[in-house]
Amino acid sequence: MQTVVLVKQVVDTEAEKRLLPGEWRLDRASVENILNPYDEYAVEAAVQLKEELGGEVTVLSMGPQEAEEAIRKALAMGADRGVLVSDPVLQGSDALATARVLAQVLRGLGFDLVLCGSMSTDAQTGLVPAALGELLDLPVLGAVNRLEVHGGSLKAARQTDEGAIVYECPLPAVVAVAKGINEPRYPSLRGIMGAKKKPLDTKTAADLALELGAVGLGGARTRVHAATSVPPRAAGKTVTEYESPQEGARLLADFLHENKLV
Amino acid sequence: MDHSLSDEQVAIATMVRDLMTNEVGPRTQEIDEQGVFPTWVADLFRKHDLFAVTVPEDYGGIDGRLLTHCLVVEQVGRVCASCSMILGAQSLGAGPITLFGSADQKERWLTRLATGEVLVAFGLTEPNAGSDAKAMTTRAVPTDGGWRLNGRKSFITHANVADVIIVFAKVKADGADQITAFLVETDRAGFTVDKIEHKMGLRGSPTCSFVLEDVWIPQANMLGELGQGLEIMLRGLHRGRIGSAAQSVGLGQGALDIAAAYATQREQFGRPLARMQAVQTIVGQMATEIEAARQLVYSAACRYDARAADIERFSSMAKLFASDATMRVTGDAVQIMGGYGYMVEYGVERMMRDAKVFQIFEGANQIQQITVARDVFAKA
């Protein structure tokens, strides 16, 4: 069982996020960066599959050189080797351009299954798995919260409001797992010490023979034109003056109706 | 001395911080209130290899560096000082075996200390021999193939859960009392824990008295040479003091974190406490003291790892400064939080109670001051 897990390094979810002035990109320099929390579920799922079926888990990421730390964490959790695509020309890649880069790496790797989280906590598009499926002509299943692999096929379930839907599809496939599919393990101390010794290849755009017009800012099909902060929450309205409880209740009901809250 | 951290050390500290915050954080009040050894925390540490920071690499340890141990216990202490004693006691016991144990003793004990399968305690203090360790009355007498021990030890951390205890006892040899160290398994006949103390803080870390009544141990259980006990004790305490200083740094940081978060949220007179100068001056001082203590502890740990000549001076200074800083900082945390700080549910009153003992055990702070002063005058 050869599984590739896609991971991304993101700004710590608890940190205050800032955009670089004029560029509409996150300022990563001033804050702590972590392995995208959604990706931890994918890493855990991959390691569990390896523990059950054998094989190898490769962690793949695209990002700045520091993204190596996110890969090392996945290696500490039990993955076997890492691949980091890092090249300044890839900066500004949108979801599609990112998927093109990752697809190119995947073509060279050989795999049975690609696992990823449902989205990254920074851009939150959730588009990469679908784009990858399209580019590699593979089946894609998203929001998976139960996953089994039998021989050359997988069985995956996703929970909806109405009930669970169970899918089967042949391997190889791309699966985005939902938060809560498992409980990601903490890396053990031995895992952390061992992670440094595991192979981690860094690749550039040239190594991958990427068509430069299709990646980076130039290859992006979407542009961020503006960004605004969430406005601070306005003060609430307090009803203090009323003749009777009935009138007080009516004032509250009026407010709810006026604001289309009921 | 350079104490920049490796990528692995940073990753280890981060992992322990997450583990403690998520898994132990919600249960710290329960640990304090139950007042018993939290076996489930020891199991959590076993599962994630945390005990491996207490022994050298050759015997199943992580990297054998005291600095790594300090980083781990700091993060444990930040959430739960009682829990940090689980690793603190293990390290205090592992040190003498590492430094003075025979090849057989190291193989037999250190490999199991590294996994946490075996817990160890350090049996030095007696009812009438605290800072004055030489006043001990526990005795060992040679018998066929081994030794027979009699005596009483008090204030021994984790004696009730330990599998083996390093017991210091006097041996009459060449007409003099020679303090000697022995490894005493707690399942030997004649060993009894007769009291578990009820105490002010660190309530999840049992402090016990035990008696030795004609406890027989084989010759192979003597640690180091006859009469080497004082050296073993002192060198064990160098290590123990640095580790306990790291625990108190974590405790102080934990109290600061809680108080700072509170001051950001809590509004009085129409603005958060964090924007009042009266609170800012306290917080600025707290953070500075904790950081100064941390740097001193890391520096002491690096000196220990490098076997530098000034270990004693640095271990005493680190222990003294870190525990005093943490006593002040935990008290300030309660003060900033006012009435809420005094209430059990916010955690800082526990931290203030826990902080006190770090000024007392592993050599009272006045002993540390004297140790440092003697070193100053020796070089004057």
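Predicted model: local features only at pLDDT ≥ 70, side-chain atom pairs only at ≥ 80, totals over all residues.

Residues are numbered from 1 along each chain as its sequence is written, and chains are lettered from A and ligands numbered from 1 in the order in which they are written. The model as a whole scores ipTM 0.83 and pTM 0.88.

Chain A contains an open sheet of seven strands with parallel pairing, whose order is 7-11-6-1-4-5-12; two strands count as paired if DSSP finds at least two bridges between them. Its edges are strand 7 (140–144) and strand 12 (200–203) of chain A, each of which has a single partner strand, so one side of each is left without a neighbour in the sheet. From one strand to the next the twist averages 20 degrees, where axes are lines fitted to C-alpha atoms (for helices over the stretch in contact) and angles run from 0 to 180 degrees between N-to-C directions. Within this sheet, strand 4 (residues 56–62) and strand 5 (residues 81–85) of chain A pair in the parallel sense over five bridges, and Thr58(A) has Arg81(A) of strand 5 as its bridge partner. Helix 2 of chain A packs on the sheet, where it touches strand 1 (2–7), strand 4, strand 5 and strand 12 of chain A, and its direction makes about 165 degrees with that of strand 4. For such contacts, two residues must have their C-beta atoms, placed from the backbone, within 7 Å.

A further open sheet in chain A is formed by three strands in the order 8-9-10, with antiparallel pairing. Strand 8 (146–150) and strand 10 (164–170) of chain A are its edge strands, each pairing on one side only, and the twist averages 15 degrees from one strand to the next. Strand 9 (residues 153–159) of chain A pairs with strand 10 of chain A in the antiparallel sense over seven bridges; in strand 10, Tyr167(A) is the bridge partner of Ala156(A).

Where the two chains meet, the contact takes 11 residues from chain A and 12 residues from chain B. On the chain A side, helix 2 (68–76) and helix 5 (189–195) each supply at least two residues, and the largest share, four residues, comes from helix 5 of chain A. The residues of this side divide into six nonpolar, one polar and four charged, with Ala, Val, Leu, Ile, Met, Phe, Trp, Tyr, Cys and Pro counted as nonpolar, Asp, Glu, Lys and Arg as charged, and the others, Gly among them, as polar.

In chain B the account turns to pairs of helices. The axes of helix 4 (residues 66–79) and helix 7 (residues 229–265) of chain B come within 7 Å and cross at roughly 35 degrees. This crossing is right-handed, a crossing being right-handed if the near helix is turned clockwise from the far one by less than a right angle, and left-handed if anticlockwise. Among the residues making the contact are Val73(B) and Val76(B) of helix 4 and Ala246(B) and Gly250(B) of helix 7, and the contact residues comprise nine nonpolar, nine polar and three charged.

Helix 4 of chain B also packs against helix 5 (residues 81–100) of chain B, at an angle of about 155 degrees and with the axes 7 Å apart, which makes the two helices roughly antiparallel (angles over 145 degrees count as roughly antiparallel, under 35 as roughly parallel, 65 to 115 as roughly perpendicular and the rest as oblique). Residues that meet here include His69(B) and Val73(B) in helix 4 and Leu87(B) and Gly88(B) in helix 5; by class, this contact has six nonpolar, five polar and no charged residues.

Helix 8 (residues 277–305) and helix 9 (residues 311–342) of chain B pack at an angle of about 155 degrees, with their axes 9 Å apart, and are therefore roughly antiparallel. Helix 8 passes helix 9 of chain B in a left-handed crossing. The contact includes Ile282(B) and Met286(B) of helix 8 and Phe314(B) and Phe321(B) of helix 9, and has 18 nonpolar, two polar and four charged residues.
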